[in-house]
Amino acid sequence: MGPKEVIELCKAEEVEVVDLRFIDFPGLWQHFSIPVSKLEESTFEEGLGFDGSSIRGWQVINESDMLVKPDPETAFIDPFADYKTLVLICNICDPLDGGDFTRDPRNIGKKAISYMSSTGIADAAYFGPEAEFFIFDDIRFDQNANQGYYFIDSKEGVWNSGRDEGPNLGYKPRYKEGYFPVPPTDSMQDIRSEMMLLMIKAGLEVEAQHHEVATGGQGEINLRFAPLVKCADDLLKYKYIVKNTARKHNKTVTFMPKPILGDNGSGMHTHMSLWKENKPLFAGDGYAGLSELAMHAIGGILKHASAILAFTNPTTNSYKRLVPGFEAPVNLAYSSRNRSAAVRIPMYSPSPKAKRFEFRCPDPSCNPYLGFSAMLMAILDGIQNKIDPGDPLDKNIYDLPPEELAEVPTTPGTLEEALNSLADDHGFLLKGSVFTEDVIETWINYKMEREVKEMALRPHPYEFYLYYDI
């Protein structure tokens with residue numbers, strides 16, 4: 001779809017409002033709206049101005065003028081707006097030269113694909129994220145000088161099995177048993193189905209929806225794989241639709257990786273494959289049906305995993321999920337069918353077109369353009385340098401004896417460790433100017449100052465349990 005077709009779509013759908021959206025540096029969708037009469041074909045080329053200094057991690061105030069340039073191929077009708085609204089996802093540009101803004105995450109995704117094509121290795125990179133989330137009935141939180149707390153509630157939470165609900169009807173999934181009983185135990189079926197159908201109307205290809213492992217309303221809706229930038233666009237649509245559908249039902253959604261103690265967190269297992277001239281490059285006659293190129297790609301992911309996690313697991317809460325000894329994939333090994341390894345090779349289909357591998361560490365708090373780009377750059381580095389991933393670990397890693405487990409490298413234990421790894425290992429991201437030193441430095445400084453240090457300053461409620469009487 002081009003600019004002319006977007007204008008025609010607005011007329012055909014009797015659109016009244018055009019909503020222009022872009023993503024900030026940490027990964028949250030931003031927007032402003034214009035009357036449909038102000039959308040012209042020239043808008044797509046010339047763009048519209050806004051204040052870049054008010055967007056997290058972007059411009060200083062004396063260089064605040066920026067442009068949004070809508071991408072006509074991203075147009076969709078907003079399913080929640082009271083007034084007929086067309087949404088356009090935008091690229092961010094510098095008004096002085098019209099060039100793409102280096103800190104625009106979507107631009108980084110576009111550059112990653114351009115660099116991949118320039119290497120001649122592949123002409124398409126497909127990503128398939130499985131973003132999990134919780135649907136809660138109530139969330140309250142605060143922290144100040146003399147108190148700090150959060151209160152989560154869900155009618156489905158097993159912690160409410162003894163509550164007087166006038167009446168309490170039971171059927172609350174036990175811890176780690178939410179995958180996947182039918183209703184009435186799965187009380188979220190209709191809400192997830194509504195989310196799924198709204199996604200389809202918005203142009204997303206949905207493969208399945210289901211309850212996830214945790215109690216308290218954990219769910220997942222699987223999208224079909226897509227090229228990197230489109231996949232990241234789709235994931236933002238996904239989050240928007242999930243959150244707003246829940247709100248319509250007086251519920252609230254979080255993509256926080258670990259909101260509940262003692263049950264599974266929310267991951268975003270991400271499937272990846274490279275293609276060239278419509279042929280899958282990961283299919284071969286090696287281990288688990290993989291090609292030598294795919295093995296080198298896995299080698300790149302495993303070698304750079306600690307740095308990648310600074311983008312794919314970018315919150316302090318991310319590392320409450322990535323804890324050794326639990327179900328999270330903290331072990332930097334690869335294996336077929338094995339969910340205890342960080343890299344899994346799915347074996348559902350013998351078709352070469354289905355051959356891919358899954359990186360199980362990421363979580364849905366990430367900025368998808370940055371996370372997918374970092375993964376792709378690690379894959380390309382592995383292929384270019386023929387990085388050997390070592391032998392597969394076809395065992396239940398959780399049952400390994402301590403001396404054997406000690407030989408398996410693990411993911412960083414904190415966001416600070418991941419950011420330090422990124423500081424030490426980011427040369428592979430700079431190739432083709434996909435990421436820049438400025439982007440890396442800004443990301444590390446932003447996360448350290450706004451998140452790592454701020455968390456370190458605050459007393460934790462459990463510290464009072466441990467230490468109040470000393």
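**Surface patch, salt bridges and a covered helix**

Reader: In this predicted model, which residues form a nonpolar patch on the surface, and about how much accessible area do they have together?
Author: The nonpolar patch on the surface is formed by Tyr462, Tyr465, Leu466, Tyr467 and Ile470. Taken together, the accessible area of these residues comes to about 640 Å².

Reader: Where does Tyr462 lie, and is Tyr462 buried, partly exposed or exposed?
Author: Tyr462 has its place in helix α14, which covers residues 461-467. Its relative accessibility is 46%, and since buried means under 20% and exposed over 50%, with partly exposed in between, Tyr462 counts as partly exposed.

Reader: How many salt bridges does the model count?
Author: A pair is counted when a side-chain nitrogen of Lys or Arg is within 4 Å of a carboxyl oxygen of Asp or Glu. By this rule, the number of salt bridges is 25.

Reader: How many residues apart are Asp78 and Arg21, whose side chains meet in a salt bridge?
Author: The side chains of Asp78 and Arg21 meet with an N to O distance of 2.8 Å. Asp78 sits in the loop between β5 (76-77) and β6 (85-93), whereas Arg21 belongs to strand β1 (residues 17-23), so that the pair links distant parts of the chain.

Reader: Which parts does the salt bridge between Arg103 and Asp438 tie together, and how many residues apart are they in sequence?
Author: The side chains of Arg103 and Asp438 meet at 2.7 Å, N to O. Arg103, at 15% relative accessibility, counts as buried, while Asp438, at 33%, counts as partly exposed. Because Arg103 lies in the loop between β6 and α3 (105-119) and Asp438 in helix α13 (residues 437-457), the parts tied together are apart in sequence by 335 residues.

Reader: In which helix do Glu451 and Lys447 both lie, and are they buried or exposed?
Author: The side chains of Glu451 and Lys447 meet in a salt bridge of 2.9 Å, N to O. Both residues lie in helix α13, 4 residues apart, or about one turn of the helix. Glu451 and Lys447 are both buried.

Reader: How many residues of helix α7 are buried, and which are they?
Author: Helix α7 (residues 305-312) is mostly covered, with 7 of its 8 residues buried. The buried residues are Ala305, Ala307, Ile308, Leu309, Ala310, Phe311 and Thr312.

Technical notes:
Residues are numbered from 1 along each chain as its sequence is written. This is a predicted model: local features need pLDDT of at least 70, side-chain atom pairs count only at pLDDT 80 or more; totals for chains, interfaces and linings use all residues. Side-chain values use heavy atoms; hydrogens and water are left out. Patches are made of residues with over 30% relative accessible area and no salt bridge: like charges are joined within 9 Å, nonpolar side chains (Val, Leu, Ile, Met, Phe, Trp, Tyr) within 5 Å. Accessible areas come from the Shrake-Rupley method with a 1.4 Å probe; for residues, only the protein chains shown count as cover. Helices (H or I, at least four residues) and strands (E, at least two) are DSSP runs, numbered from the N terminus. Buried means under 20% relative accessible area, exposed over 50%, partly exposed in between (1.4 Å probe, protein chains only).
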